Amino acid sequence: MKKFNTMAAALLASVAFAGAAYAECEVTLRSSDTHPAGYPTVAAVEHMGALLKERSAGRICVEVFHSAQLGEEKDTIEQTKFGVIDFNRVSMGPFNNIIEETKVVSLPFIFRGTDHMHRVMDGPIGDEILAAFEPHGFVGLAYFDGGSRSFYNKQKPITSVDDLKGMKIRVMQSDVFVDMMSALGANATPMPYGEVYSGIQTGVIDGAENNWPSFESSGHYEVAGYYTLNEHLIVPEVLVMSKASYDKLSPEDQALVVQAAKDSIPVNRELWAAREKESEDKVRAAGVEVISDIDKTPFIEAMVPVYEKHAGTPKLQDLVTRIQATE
Ligand code: GTR
């Protein structure tokens with residue numbers, strides 16, 4: 001009871017504080033992120049909020065709920081669709097089962113590197129994919145960096161596709177990634193990000209896959225001591241707004257939102273580059289064994305059935321061809 005009272009008092013105090021911070025705003029829009037304070041995506045959305053507040057002369061504010069305070073990505077996407085959450089910064093992955101165009105930019109090895117991903121997403125293909133969110137109840141606003149994702153596990157150094165055989169590897173909740181793991185001979189376990197640490201610790205899964213900053217900030221490196229830099233995925237992160245929330249704004253305010261989101265992209269990219277390096281240094285210093293001498297060809301070749309299944313229609317095949325043809 002005492003504990004409950006203390007918690008209730010703390011909660012009331014934080015609500016009162018938030019109330020004071022946003023008291024002068026006409027509208028306070030809520031934004032969700034699974035990452036902790038200071039993470040490049042969280043900081044970029046905060047930057048967007050600051051721009052919006054300034055450009056609307058203090059009328060429109062954005063409150064960023066980091067660290068999955070509003071829930072895990074798949075659930076927050078639902079809430080965003082219905083306008084319970086106004087903005088959401090998520091990976092493309094959890095959108096795969098809802099918006100088919102997002103599957104194409106989530107395919108393993110679709111991008112040749114981060115620069116290629118930027119050139120594609122900054123151009124007409126990126127705009128086309130942002131537009132694909134609208135019929136599903138979202139306004140696609142901006143892409144953020146998510147680096148490249150690689151495998152980590154607690155058992156052994158993975159140096160080849162063969163080493164993955166039979167291992168239980170967590171993936172994001174998307175059929176693309178489930179099939180990606182099957183094609184590599186592993187057992188995919190789709191689960192929310194917040195359950196991965198204990199999943200590895202208790203042996204429910206052997207490992208997972210992610211980029212340097214997530215591997216580090218989640219603490220997964222504390223329980224998974226082997227990281228193989230096979231870089232199978234470069235999945236753009238996306239900032240969306242609930243169409244229901246967007247439609248409540250005047251056309252002028254909608255334009256302010258769109259522009260502020262665009263202006264947060266360079267901020268994200270700069271922070272991301274720095275964080276990738278910092279996270280790598282921290283993980284290496286903690287003694288994680290990093291396997292970087294790896295032949296990617298067998299991993300790439302194993303992905304043929306994944307492309308056939310998830311980008312087999314003429315429309316999606318055409319997107320794949322255009323992405324591959326982008327210099
Ligand atoms: C991170 C990404 C998150 C989330 C997470 C995951 O790299 O930034 O949005 O998708 O991976 O694996 O669930």
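1. A residue is called buried here when its relative accessible area is under 20%. By that cut-off, six of the eight residues of strand β9, which spans residues 226-233, are buried. Strand β9 is therefore largely enclosed by the rest of the structure.

2. The model is predicted. Its protein chain has an average pLDDT of 95, and 94% of the residues score at least 70. Where pLDDT is low, the predicted coordinates should not be read in detail.

3. Strand β9 pairs with strand β5, residues 149-153. The two run antiparallel and are joined by four bridges. To find this pairing in the structure, look for R149, which stands opposite L233 in β9.

4. Strand β9 also pairs with strand β11, residues 289-291, this time in the parallel sense and over three bridges. Here T228 stands opposite I291 in β11.

5. Helix α8 covers residues 175-183. At its start, the backbone nitrogen of V176 lies within 3.1 Å of a side-chain oxygen of S174. V176 is itself buried, as are F177, D179, M180 and M181 in this helix. After α8 comes G185, which has a positive phi, near 85 degrees.

How values were computed: Residues are numbered from 1 along each chain as its sequence is written. This is a predicted model: local features need pLDDT of at least 70, side-chain atom pairs count only at pLDDT 80 or more; totals for chains, interfaces and linings use all residues. Side-chain values use heavy atoms; hydrogens and water are left out. Buried means under 20% relative accessible area, exposed over 50%, partly exposed in between (1.4 Å probe, protein chains only). Two strands pair if DSSP finds at least two bridges between them. pLDDT is the predictor's confidence in each residue, from 0 to 100. A polar contact is a pair of N or O atoms within 3.5 Å; within protein, one must be able to donate a hydrogen and the other to accept it, and residues adjacent in sequence count only if both atoms are side-chain atoms.
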